[in-house]
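Please keep the sequence and the structure in view while reading.

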Amino acid sequence: MGHIPVFRWILALGLGLIGCSAGLYAAAPHFPELKQVELTVLEEEPDGACTVRWTDPYEHREREAPYLCDAGRAALLKAPHYDTGSGFGWDSGFVVAEGPDKGELYSLEEDGGSDDWWIETSDALVLAGLLLAFVGLVGGNIRALSRALGVAPAVIRRAELLRAAAVSVTQDHERAVEAVLTAWEPMHRDLVDARLGLVPVAGLRCAAGARLPAEELEAAGIHTARDVLDAREWGLVRCGVTRRTAERAVAAARRVADEAGEDVAVRLDADLLEPHVTTLLVALRVLVEAGPQARSAAGTGAALAARLEPLLAGAAPASGLGRIMAAGPGQRRRAQAAVAELRLLVDGAERDGLPGRFAQASVDLLRASGGDSAGLSAQVDFEARPVEYYALLDGVRAAALSQHR
């Protein structure tokens, strides 16, 4: 993902607003050249509307005109207090000092309003422009400092999301496999128990690797390998068997049980109407429907998560400016190296479409349904493609037996 110069654009916008403000100020109409004169107030209303007389300083003659006096001036300047004899008041004003209106009375209150919009707009633009320019400069410098120190929160966020997806698909596949094992183990255990029940204690002599006194065990009421495992060593001793014989018998029975566990196989077509068989079929169907791509995605996710974990731990100081500045020089170097590896790893994963594969595999592995309809659908699906079910079951069985060794 390319770098977006956000603060550079903010700075450019701020400078543009400042330029617009200067243009508005230059284009605003300005006050004409004025000259202050004294006004004799002939008549005055309470709101300041009045008629005044003044001496034109350019034509040197007296003139009269309506005017807006200062209604808030001191009472001593108003009639009748100012001139008790004539009943006139006093005020000051301005006349135009240039142009065709030279000598005419000019009211700042009445004529100045036309300039207000230009000035106010110009002031607003320059304030906004200065604020944006300040944000652009400060933010740009902070970003430049962050990049110089190796801060890369975006890369770390992408790596964390990728790790979460990888861990999720791995856990979803493990749950699906665990559901198969949960349904398979009791069925397998019953078959092993049945096989052990057919092995007499005399048949344990080969597994014991030495002469095993089967008569001693039979005299104690122990007749099969299943009886030996059920009683265990302390149970055999309580039945009157010597401790040495008990230890040898139990060890031999366990070896026979391990061999039986590898030999016996759960048959899904024995009786499809039995609840435990249906449960196993439903669990297997999740993996069958997800297909080998889900298993592949889970394996890839587990490997990817294992690679991302130490890199994310090493890159942690680069997640923010405060953390990188608080870190030591060694931590900064390790963080920068970890960020570089994370960037390559995440870019490669996204280029290969791994996030999408992980998400799709998780959806497929979680697309399980319960109830009688699920069992019936699983039975029908098994009859349509039994080879895939048995292949998956053999794989799960082999993994379970390898863990028990």
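The sections below treat salt bridges, a helix pair, a surface patch and a loop residue in turn.

## Basis of the report

The structure is a predicted model.

## Salt bridges

Side chains of opposite charge can pair when their charged atoms come close. Across the whole structure, a search finds 15 salt bridges. One of them joins the side chains of Arg53 and Glu64, with an N to O distance of 3.4 Å. Arg53 belongs to strand β2 (residues 49-56) and Glu64 to strand β3 (residues 61-68), so this pair ties together parts that are eleven residues apart in sequence. Arg53 has a relative accessible area of 26% and is therefore partly exposed.

A salt bridge also links the side chains of Asp172 and Arg175, at 2.3 Å from N to O. Both residues lie in helix α4, three residues apart, which is about one turn of the helix. Asp172 counts as buried because its relative accessibility is 4%, and the cut-off for buried is under 20%.

## A network of charged residues

Salt bridges link Arg285, Glu289, Asp381, Arg385 and Glu388 in a network. Within this group, the side chains of Asp381 and Arg385 meet at 3.1 Å, N to O. Asp381, with a relative accessible area of 12%, is buried, whereas Arg385, at 23% relative accessibility, counts as partly exposed.

## Packing of helices α4 and α13

Two packed helices are described by the angle between their axes and the distance between the axes. Helix α4 (residues 153-197) and helix α13 (residues 354-365) have axes that come within 9 Å and cross at roughly 30 degrees. Angles under 35 degrees count as roughly parallel, so α4 and α13 are roughly parallel to each other. Their crossing is left-handed.

## A nonpolar surface patch

Leu131, Phe134, Val135, Leu137 and Val138 make a nonpolar surface patch of about 450 Å². Among them, Phe134 has its place in helix α3 (residues 113-149). Phe134 counts as exposed because its relative accessibility is 53%, and the cut-off for exposed is over 50%.

## A loop residue

Cys239 is found in the loop between α7 (225-238) and α8 (243-263). With 40% relative accessibility, Cys239 counts as partly exposed. Cys239 and Ala220 are 19 residues apart along the chain, and their C-alpha atoms are separated by 5.6 Å.

Terms used: Residues numbered from 1 in each chain as written. Predicted model: local features only at pLDDT ≥ 70, side-chain atom pairs only at ≥ 80, totals over all residues. Heavy atoms only, no water. Patch = residues over 30% accessible without salt bridge, like charges linked within 9 Å, V, L, I, M, F, W, Y side chains within 5 Å. Areas by Shrake-Rupley, 256 points an atom, 1.4 Å probe, with all protein chains shown as cover. Salt bridge = Lys/Arg side-chain N within 4 Å of Asp/Glu carboxyl O. Helix = DSSP H or I, 4+ residues; strand = E, 2+ residues; numbered from the N terminus. Buried < 20%, exposed > 50% of the residue type's maximum accessible area, 1.4 Å probe, protein only. Axes fitted to C-alpha atoms, helices over the stretch in contact; angles between N-to-C directions. Parallel < 35°, antiparallel > 145°, perpendicular 65-115°, else oblique. Left-handed = near helix turned anticlockwise from the far one by under 90°.
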